[in-house]
Amino acid sequence: MSRPKPVYIEDLKHHVGQEVEIRGWLYNKRSSGKIHFLIVRDGSGFVQGVVLKNQVPEEVFDLYDELTLESSVILRGVVREEPRAPGGYELQVTDVQLVHQAKDYPITKKEHGIGFLLPRRHLWLRSRKQWALMRIRSELEKAIADFFEDRKFVRIDAPILTPAAVEGTTTLFETDYFGEKAYLSQSGQLYMEAAAMAHGKVYCFGPTFRAEKSKTRRHLMEFWMVEPEVAYATLEDIMDLAEDFVVYLVERILERRREELKILERDTSKLEKVKKPFPRIYYSEAVNIIQAAGLPFKPGEDFGGDEETVISESFEKPVMVHHYPARIKAFYMKRDPKEPDLSLSVDMLAPEGYGEIIGGGQREDDYETLVQRIREYNLPLESYEWYLDLRRYGSVPHAGFGLGLERTIAWIAGVRHVREAIPFPRLLEKIYP
RNA sequence: UCCCCGGUAGCUCAAUCGGCAGAGCGGCGGGCUGUUAACCCGUAGGUUGCAGGUUCGAGUCCUGCCCGGGGAGCCA
């Protein structure tokens, strides 16, 4: 007996009428007595196998009882187009092989609470929605690389172990580095500024770490960030780039991950509206929106979750808020020469209340001013000697931004909490599995 | 660190005014040739988070503790 060719479920449409082999895991099963339905997943998709009592040997038909959820199985059968089957194709099963029997798989088809699922993240990843989310994440990572490659950016990997803080040490994970203190990176930006002076247009993409005691749906202790930095760029230039970037990412997912969005029950009409141009408003205009909505807010302060929600819900597209008060932004942010109390900064807020996905702006490029800022912010000048070198030797105007990957995924995929946007989330005081 | 909510069967939850601790799913046994988180019949399954208090009587009220979730601050 010749063994049929192993194929992936996503390729079944090219094998209609042929006998194939699917190697995967049992996702679900149903039976009506003399007909069994086996829903199998193989990583590339889900397919229903139909086992008819009068068409397979008795021992194959009876194997149904041994096939517990998440057991690994090999199905052989003929591919058929079938409107009654989920996905449109099904397998007329000729043979079933049990590779390994899973005993009492804990995650069932019914609802579970987050407290039950998170400690079982290694298994939860197999569930349909989580599967869809990780495929969207993977596609976004590809889209990020493609976007910058198309625009001739050079990818520069920032270090993860760093000697000093970018914005103070209170929220850093500290570790020992041969007897000296070192910290896990909370941003690659300063290194990107150095790299931009070497390559003009650069970006980094990697994990960053914040030891903030944050316990909200928008926070992770370890998250991934994309940080482009462009020499000779202004605030305007970087807003244009951020806009193009986000439009590109949304388009890519709509184009290549529509099935996954459907599994997640995402309302794609809201994503279709994400086209240029995005509204750009001054911080002061954002304050007006907040006050018109009746929120108690002290102008000059940074926005909290409620304020961000009110602003972003005023628009159908991501909105860019720029010219924040300088005192609530980082030391390296350049001030507007016309209004020195305001910084050349921008935040992009995602619609539907998903909050800030981008933060960036133009950097201070004058040596004396930067030294003064470092002093004003009570930061150790000696740690920034190398950074100051960038202003000593051929300083130019430059700007950049950082985009939080998980918040972007949560928004595009329409999931409420960022913990589902990363394979193994690191949450406050939780590092298992 | 602060604020709010919760902890009852393996899971998700219910239990009126303080009055016999229940359902669905999952498990197990049976039935069904087109199921879509299948359905139908039957069945097993409980230290109601822990400690104390009030009461004839506490899952329910009170005190303390533990654990979990959501949010604030901070940020992407």
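## A buried glutamate

A residue counts as buried when its relative accessible area is under 20%. In this predicted model, E193 has a relative accessible area of 0%, so E193 is buried. You will find E193 in helix α5, which runs over residues 189-199.

What does the side chain of E193 meet? The side chain of Q189 joins that of E193 in a polar contact of 2.7 Å. If we set aside neighbours within four places in sequence, E193 is in contact with E229, R363, Y387, L390, R391 and H398.

Let's step back to the whole chain. The contact between them draws on 8 residues from domain 1 and 5 residues from domain 2.

## Where the domains touch

Interface size is often expressed as the accessible area lost when the parts come together. Here domain 1 and domain 2 bury about 610 Å² between them, with 49% of it on carbon and sulfur atoms. On the domain 1 side, Y27, G43 and F46 lose the most area to domain 2, and together they make up 58% of what that side buries.

How many salt bridges cross the interface of domain 1 and domain 2? The rule finds 1. E70 and R126 form a salt bridge, with their closest N and O atoms 3.0 Å apart. Between domain 1 and domain 2 there are also 3 residue pairs in polar contact. The residues of domain 1 that touch domain 2 comprise 2 nonpolar, 3 polar and 3 charged.

Definitions and conventions. Residues numbered from 1 in each chain as written. Chains lettered and ligands numbered in written order. Predicted model: local features only at pLDDT ≥ 70, side-chain atom pairs only at ≥ 80, totals over all residues. Heavy atoms only, no water. Helix = DSSP H or I, 4+ residues; strand = E, 2+ residues; numbered from the N terminus. Buried < 20%, exposed > 50% of the residue type's maximum accessible area, 1.4 Å probe, protein only. Polar contact = N/O pair within 3.5 Å; in protein donor to acceptor, adjacent residues only side chain to side chain. Contact = heavy atoms within 4.5 Å. Buried area = accessible area lost by both parts, 1.4 Å probe. Salt bridge = Lys/Arg side-chain N within 4 Å of Asp/Glu carboxyl O. Nonpolar A, V, L, I, M, F, W, Y, C, P; charged D, E, K, R; others polar.
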